[in-house]
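Keep the viewer handy and click along as you go.

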Amino acid sequence: MTQPKLLAPILPYLAVWAGLFLFKNAWLALALFHLAIILVLFVARPNIPFGTLIQNKNPKWILLNMLIGGVSGPALYLLWNVFGVVPDLSSRLAALGLSGRVWIPFIAYFSFVNPFIEEYFWRGFLGSDAKGFYPGDLVYAGYHALVLAGKAPLEVVVFGVSCLTFVGWFWRQAAREDSGLLASVLGHMAADFAILFTVYRVCMS
């Protein structure tokens with residue numbers, strides 16, 4: 001990654017940190033995260049058409065990405081106890097403003113808006129045609145450690161970041177092979193919805 005691109009994720013990282021640990025509000029963390037990304041893109045002005053977000057050449061990439069993203073929720077549910085998720089997760093999330101009816105609009109926004117913003121930023125602006133590992137894959141995964149911190153043991157957080165590094169690599173390969181971001185956007189949607197819905201069901205049960 002070039003130096004400007006290495007610096008680009010700093011503001012989004014700080015936004016997530018401020019929202020979760022300073023203001024202790026999940027909605028604010030997400031809003032600040034998106035605003036930070038938009039600000040970085042406004043300053044950088046990447047020459048990437050927004051149309052690439054809905055560009056797809058081969059439907060197999062859509063199906064494969066959505067399948068991989070969709071199984072993340074059931075996998076999380078089956079491995080919940082293995083991962084050692086804190087027993088008071090529901091109260092911790094409630095302290096961040098996620099409780100009751102707030103969950104539904106949060107899941108909807110996170111699942112159907114967030115993927116467009118993130119994919120344009122991580123796989124578009126900060127993307128690469130490299131077939132092997134690319135630092136941007138880890139940088140994308142890294143901010144999730146802030147989200148997972150305090151909700152599972154350290155080794156599970158490291159495992160989660162490792163898995164997300166691979167997922168970031170895979171979505172980047174899909175974007176490269178498919179010459180567009182639609183497949184990775186829909187895969188991201190499937191993953192976000194499946195995971196958040198699983199957390200919601202467990203916390204509300």
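Predicted model: local features only at pLDDT ≥ 70, side-chain atom pairs only at ≥ 80, totals over all residues.

Residues are numbered from 1 along each chain as its sequence is written, and side-chain values use heavy atoms, with hydrogens and water left out.

**Overall build**

- The chain has 13 helices and zero strands; helices (H or I, at least four residues) and strands (E, at least two) are DSSP runs, numbered from the N terminus.
- Read from the N terminus, the order of elements is α-α-α-α-α-α-α-α-α-α-α-α-α.
- A compact globule with 205 residues would have a radius of gyration near 17 Å, and the chain's 16 Å agrees with that. The radius of gyration is taken over C-alpha atoms, and the globule rule is 2.2 Å times the number of residues to the power 0.38.
- Along the principal axes, the C-alpha atoms fill a box of roughly 45 × 35 × 30 Å.
- Take the contacts (heavy atoms within 4.5 Å) between residues at least 6 apart in sequence: 84% of them join residues at least 24 apart.

**Surface and charge**

- Of the 205 residues, 46% are buried. Buried means under 20% relative accessible area, exposed over 50%, and partly exposed in between (1.4 Å probe, protein chains only).
- The chain exposes about 10,500 Å², with carbon and sulfur atoms supplying 73% of it. Accessible areas come from the Shrake-Rupley method with a 1.4 Å probe, and for residues only the protein chains shown count as cover.
- The mean positions of the 13 positive and 9 negative charges are 4 Å apart. Lys and Arg count as positive and Asp and Glu as negative, while His and the chain ends are not counted; each charge is placed at NZ of Lys, CZ of Arg, CG of Asp or CD of Glu.

**The core**

- The largest nonpolar core has 54 residues, and those with the most contacts inside it are Leu89, Leu93, Trp103, Phe121 and Val199. Helix α13 (residues 182–204) gives the largest share of this core, nine residues.
- A nonpolar core here is a set of buried Ala, Val, Leu, Ile, Met, Phe, Trp, Tyr and Cys residues joined through side-chain atoms within 4.5 Å.
- Not counting residues up to four places away in sequence, Phe121 touches Ala8, Pro9, Pro12, Ile37, Val40, Leu41 and Leu126.
- Helix α10 (residues 135–142) has Gly136, Asp137, Tyr140, Ala141 and Gly142 as its buried residues. They pack against α2 (10–22), α9 (114–125), α11 (144–148), α12 (154–178) and α13.

**Two loop residues with positive phi**

- Arg45 is in the loop between α3 (26–44) and α4 (59–70). Its phi is near 45 degrees, a positive value in a residue other than glycine, and Arg45 is exposed, with a relative accessible area of 59%.
- Ser179 sits in the loop between α12 and α13. Its phi is near 55 degrees, again positive in a residue other than glycine, and Ser179 counts as partly exposed at 36% relative accessibility.

- Ile107 lies in helix α8 (residues 103–112) and counts as buried because its relative accessibility is 5%. Leaving aside neighbours within four places in sequence, Ile107 is in contact with Phe193, Leu196, Phe197 and Tyr200. Ile107 and Leu196 are 89 residues apart along the chain, yet their C-alpha atoms are separated by 6.3 Å.
- Phe116, in helix α9, is partly exposed at 28% relative accessible area. Beyond its neighbours within four places in sequence, Phe116 is in contact with Leu53, Val185 and Met189.
- Leu22 belongs to helix α2 and is exposed, with a relative accessible area of 53%. Leu22 and Lys57 are 35 residues apart in sequence and 43 Å apart in space, C-alpha to C-alpha.
- Ala175, in helix α12, counts as buried at 13% relative accessibility. Residues up to four places away aside, Ala175 touches Gly180 and Leu181.
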